[in-house]
Amino acid sequence: MTIVIALLILSVIIIIHEFGHFLLAKANGIGVTEFAIGMGPRILQFTKGETVYCIKLLPFGGSCMMSGEDEESADEKAFNNKSVWARISVIAAGPVFNFLLAFVMAVIIIANAGYDPCIVTNVAEGSVAYRAGLRSGDLIQSINNKKVVFGREFSLQELVSPDEPMAIMFLRDGKEYTVTVVPEYVEKDYYQIGISLLNKTISAVTPDKPAAAAGVLSGDVIISINGQAIENDEQAVSAINGCNGELIHMTVLRNGAKTELSIMPQQVHSAGYETGISINYGRTKTGAINTVVLSFHEVKYNISTVFESLGMMLRGQVTKDDVAGPVGVVSLIGEVVEESRTDGLFYVFFNIFNLVLMLSANLGVMNLLPLPALDGGRLVFLILEAVRRKPIDREKEGMVHFVGIVLLMILMVLITFNDITKLFR
């Protein structure tokens with residue numbers, strides 16, 4: 001069932017992409033010979049005008065085939081006989097519709113679950129951030145003059161540039177402050193149980209960590225740890241880190257009643273650059289107008305994440321195991337769905353919508369890269385045609401795209417092989 005769900009998710013994203021091409025082709029008077037859902041031989045079809053609408057045997061993806069798209073044609077409705085700007089709009093429509101799908105998903109998610117404001121939940125005493133003046137409750141507004149809204153954006157900054165100094169502008173009691181935090185290289189052992197905190201409330205529980213195994217739930221409010229009353233997040237973190245590997249007895253408030261939990265902490269060896277800052281990942285609901293504004297920022301964040309990831313690949317900060325093709329994506333979706341089931345149907349859909357948002361934005365960006373055979377590669381030739389006021393030789397363009405397709409297929413085979421081998425490790 002999770003494989004079916006994964007295939008449906010990927011298919012919806014691809015079909016929306018192709019639907020963008022379809023709508024703009026129709027709007028520009030370009031003949032669409034076929035609009036298909038799925039791949040392989042047709043199993044259901046009907047014809048309206050010059051277009052065959054069909055469902056194909058393999059329930060994955062879809063396609064939009066246009067008249068004269070890859071060849072010369074005398075038909076006035078042929079793709080290559082339309083103006084260069086009409087063709088640019090048709091090619092660009094696919095990625096644009098992926099961004100629109102991502103935006104719709106963002107609106108649904110933020111309207112129902114809220115967003116994760118970039119609030120400092122804890123600052124380790126004696127850390128570089130503590131010495132710089134940051135404290136729990138500070139609301140981060142920007143890092144190095146770049147606007148920050150989500151807690152995830154702070155984490156992305158730490159991941160991409162772990163040793164880079166951060167000029168952090170934040171709000172405290174309605175006033176703006178700016179401090180510079182220089183990450184320091186630290187090697188240490190500490191204890192964790194796999195929770196995120198916001199005002200003593202557990203905002204997230206990491207699967208396969210001690211807290212999850214002990215039955216800790218998102219929404220639990222910590223009352224005490226090992227008999228010590230907990231007044232704030234700093235005390236909770238300090239009590240967990242100071243357990244010395246012994247069993248932690250935690251009292252939480254759940255649905256108005258006290259619940260006793262016993263958690264065996266996990267020792268972790270850490271080596272790397274640290275600031276000492278813990279950031280909120282819990283979500284806060286907001287108004288309708290702010291939901292729309294934040295949804296635009298959500299799409300922008302997901303787009304920027306793709307570019308940051310590509311930059312990390314070029315700098316050697318990620319390995320081949322951090323890259324996933326269709327098999328890896330299907331596996332990821334399956335894992336997310338399975339892990340969400342215990343939290344209820346709401347969280348299953350919440351995580352599915354999050355995946356659609358991320359994957360749709362990812363597909364939009366990747367298709368706009370100026371690589372042969374992709375939409376971005378075709379746009380390069382069309383833009384050159386607009387500048388030169390005459391097309392590039394069709395045969396030469398076709399050869400470039402053919403080479404691009406061959407290289408992409410080789411890359412896909414390698415990524416798929418790597419995805420399959422990861423399943424058996």
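Reply: The lining of the second largest pocket divides into 6 nonpolar, 5 polar and 5 charged residues (Ala, Val, Leu, Ile, Met, Phe, Trp, Tyr, Cys and Pro count as nonpolar; Asp, Glu, Lys and Arg as charged; the others, including Gly, as polar). This is a predicted model, with local features needing pLDDT of at least 70 and side-chain atom pairs counted only at pLDDT 80 or more, while totals for chains, interfaces and linings use all residues. Numbering runs from 1 along each chain as its sequence is written, and side-chain values use heavy atoms, without hydrogens or water.

The lining comprises 16 residues, and those nearest the centre of the pocket are Lys-146, Glu-153, Leu-156, Gln-157 and Glu-308 (a pocket is an open set of points on a 1 Å grid where a 1.4 Å probe fits, with protein on both sides within 12 Å along at least five of seven lines; a lining residue has an atom within 4 Å of a point). At least two lining residues come from each of β5 (146–147), α4 (151–160) and α7 (288–314) (DSSP runs numbered from the N terminus: helices are H or I of at least four residues, strands E of at least two). Those elements belong to a protein with 11 helices and 16 strands, whose C-alpha atoms fill a box of roughly 85 × 45 × 45 Å along the principal axes.

Now for the rings. The whole structure holds 12 aromatic pairs (ring centres of Phe, Tyr or Trp, the last by its six-membered ring, within 6.5 Å; planes under 30 degrees apart are stacked, over 60 edge-to-face, the rest tilted). Phe-22 and Phe-35 form a tilted pair, because their centres are 5.0 Å apart and their planes stand at 50°. Phe-22 is buried, at 9% relative accessibility (buried means under 20% relative accessible area, exposed over 50%, partly exposed in between, with a 1.4 Å probe and protein chains only). Phe-35 is buried too, at 10%.

What about Phe-170 and Tyr-177? Their centres lie 5.6 Å apart with planes at 20°, so this pair is stacked. Phe-170 is buried at 1% relative accessibility, whereas Tyr-177 is partly exposed at 34%.

Ile-277 is in strand β16 (residues 277–279) and is buried, with a relative accessible area of 10%. In the protein as a whole, 42% of the 425 residues are buried.

Some rings have a charge over the face. Arg-135 lies over Tyr-130, at 3.6 Å from the ring centre (the rule asks for NZ of Lys or CZ of Arg within 6 Å of the ring centre and within 35 degrees of the ring normal). Arg-152 takes such a place over Phe-150, at 4.5 Å from the ring centre.
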